[in-house]
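These are my notebook entries on one protein model, kept in the order in which I looked things up.

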Amino acid sequence: MSTAPENEFDLEKLFLPAWAQEPSSAKQYAQYEGREERSFDRGPSRGGRPQQRRQGGPPGARRDEGRPRQDRGAPPRGKGGRDRASGGERRGPDRGDAPERRQPREALQPLPEISLSFLPDEKGVESLARQIKMTGRAYPLFDIAQMILQKPERHAVTFSVTKNAESQPVQPLFVCALDDTLWLSEDEAVGHVLKKHFGTFYQAERTATEPPKGKYTFVAQCGMSGVILGPPNYHDYQNQLRKLHTERFSRMPFDLYKARVKIVRDEEVVKKWIDDQSFKTEYLCLNMPEPLRLGSMEAVEKHFREQHKENIIKAVESHSLSGTAARSLRSPPLVRLVRTVWEDQRRFPLQIATVLSQQFAGHGLQFFKVNKTITHVSVARPHFLDMEATPVSEGVKRIVDYINANPKCTRRRLVEALAPTPVQPEAPSVPAAEATQTPEQTAIVSDLHWLIHQGHVIEFANGTLETAKKPLPRPPKPEVKRPAPPPGQTTEAPALDLAAEAPNSGEVSAPANESPAAEPGEATAEVPAPGPTSAASPPGISAENEKQEFHRPSDEPASSEHLLNESPATEAAKISSEAPVAQPE
């Protein structure tokens, strides 16, 4: 039997199969008393007559011995079918005798507009993080959240009010400072204090008084609670009837409750009511500077609201309770709200899982998804080990190769396969506590521990081992292609805007296809205009520099004869073409 507290549960035991999990700490059927087996008549037995014996009576007892004599026998004719003595079959009631219709169930009131959230216990989360770090296993995050929701000791519940557009709470929330209970109205909280903690503030004292005059032979009694209300003709009867209905049966319509009141003519009941009316109850206020006596509960409630309400009952916007305290709330609407939200979280525990991931991350744990669906928490995220590029020991290689060759293998199978336990000769049995591992097995366990904590090997909650897979290469980014020119249009090099590149003084360069006048005594040479190019020249680069930039080394060089024919006049023409020409003002 486990002695650990419920908020510190063992992950290894809880993730075992159902038949292998630890037994429950409480004996669920300790107070259960079985009853005797009943023998049902299913036809004649082989040995003789069928048994007609029934439970609770001696053999041969008749069915109708316990009933009154007038109820025995067949029902009268005309109301229950024909007489069975005449040989007719028994029938049900006549059509005219319709059964009483059940009262329609009262419609459930809508749930209060209170925000409710479940939070895991901090000490329990710390214990879980410590276990995950020690074992190195990867556990499903949502399965852990389901286990936290199973028992109220493992989580807390936070109640928060919702506000409207004017920043006012839609549904107020009140807390009682005496027992930390929550209520939806101030009246409910006051009634709870006066009922459960009455002795803390007041003391009831009974004093003898004159009994009611007259002779009473019967009194009215509540058929549901047994409270004696008094004779219907008593002057205080209606007040007592209304008061009892308001305090204990306010959900039931008053007319329906009034119909449940019965008249009792028992002398002992009448005498008990007379004795109760012969005493007067007064209430002494405690913890007051001066003694004060109150004559009725209405005065007590008024005094409590004036003197103690501000210190005992407070309006809050948010309040947290343990799971056990939230299940034990005395406000029925809040109990239904807790039950509804708990059932929703049992189907999909998103609240618990979200908070768990934040708390686990604070303890240094990592998260990853298996097959892009199930989120797991572990000591490290999967990290592929490239043994060709990373130098590792021979033991690590053997472990990785064995896990890859044997899918879903366990730690025990791995150790026994790589370092089997030697067979010992017949000798006195060694206790299990004294059995130790061999040095080879210890080395394998140490290497496996390193692989798991580095993320190269994953050990899941069920004990299976798996290596981290190589990540898939990312697809290359698509290149941005320039739009092609429309058909029939050739790309020509745009004319260089030399005016834009000229200095601000107003001087511009002459275009290349215009040759300025040669100086006298020098021969002129025609300068060929540049031909069309396949692509536009970048700005700031002349046509000659462009031809030199895209010059291929395989082209044949110009002949020496062509170089010799270049006269000084041609060179002068080139220089003059690059010289600026003054523009007239």
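Entry 1, a helix over a sheet. I looked up helix α14 (residues 394–405) and found that it lies across β16 (457–460) and β17, running at about 105° to β17. I note that the model is predicted, that local features need pLDDT of at least 70 and side-chain atom pairs pLDDT 80 or more, while totals for chains, interfaces and linings use all residues. Residues are numbered from 1 along each chain as its sequence is written, and side-chain values use heavy atoms, with hydrogens and water left out. Helices (H or I, at least four residues) and strands (E, at least two) are DSSP runs, numbered from the N terminus. For angles, I keep in mind that axes are lines fitted to C-alpha atoms, for helices over the stretch in contact, and that angles run from 0 to 180 degrees between N-to-C directions.

Entry 2, the sheet of five strands. I then followed the open sheet with the order β14-β15-β2-β16-β17, in which the pairing is mixed; two strands pair if DSSP finds at least two bridges between them. Its edge strands, each pairing on one side only, are β14 (366–370) and β17 (465–467). From one strand to the next, the twist averages 40°. Within this order I checked strand β2 (residues 137–140) and strand β15 (residues 374–378), which pair in the antiparallel sense over two bridges, and I found Y139 opposite V377 in β15.

Entry 3, the sheet of three strands. Another open sheet has the order β8-β7-β9, with antiparallel pairing, and its edge strands are β8 (228–230) and β9 (261–264), each of which pairs on one side only. Neighbouring strands of this sheet are turned by 35° against each other on average, direction ignored. Strand β7 (residues 219–222) pairs with β8 in the antiparallel sense over two bridges, where Q221 stands opposite I228 in β8. Helix α6 (residues 237–248) packs on the sheet and touches β7, β8 and β9, its direction making about 150° with that of β8. Helix α8 (residues 267–277) also packs on the sheet, touching β7, β8 and β9, and its direction makes about 75° with that of β8. I take contact to mean heavy atoms within 4.5 Å.

How do helices α4 and α9 lie to each other? Helix α4 (residues 186–196) and helix α9 (residues 297–307) pack at an angle of about 110°, with their axes 11 Å apart, and α4 and α9 are therefore roughly perpendicular to each other. On the scale I use, angles under 35 degrees count as roughly parallel, over 145 as roughly antiparallel, 65 to 115 as roughly perpendicular and the rest as oblique. The contact is made by E186, D187, V190, V193 and L194 of α4 and by V300, E301, F304 and R305 of α9. By class, the contact of α4 with α9 has five nonpolar, no polar and four charged residues, where Ala, Val, Leu, Ile, Met, Phe, Trp, Tyr, Cys and Pro count as nonpolar, Asp, Glu, Lys and Arg as charged, and the others, Gly among them, as polar.

For the other pair, helix α15 (residues 411–418) and helix α16 (residues 439–454), I read an angle of about 135° and axes 10 Å apart, so α15 and α16 are oblique to each other. R411, L414, V415, E416 and L418 of α15 meet Q441, I444, V445, L448 and I452 of α16 in this contact. The residues of the contact of α15 with α16 divide into seven nonpolar, one polar and two charged.

Is Q203 buried, partly exposed or exposed? Q203, found in strand β6 (residues 202–208), is partly exposed, with a relative accessible area of 40%; buried means under 20% relative accessible area, exposed over 50%, and partly exposed in between (1.4 Å probe, protein chains only). Not counting residues up to four places away in sequence, Q203 touches F198, E282, Y283, L284 and L286. Q203 and L286 are 83 residues apart in sequence and 7.1 Å apart in space, C-alpha to C-alpha.

I count 20 helices and 17 strands in the protein, and buried residues make up 28% of its 585 residues.
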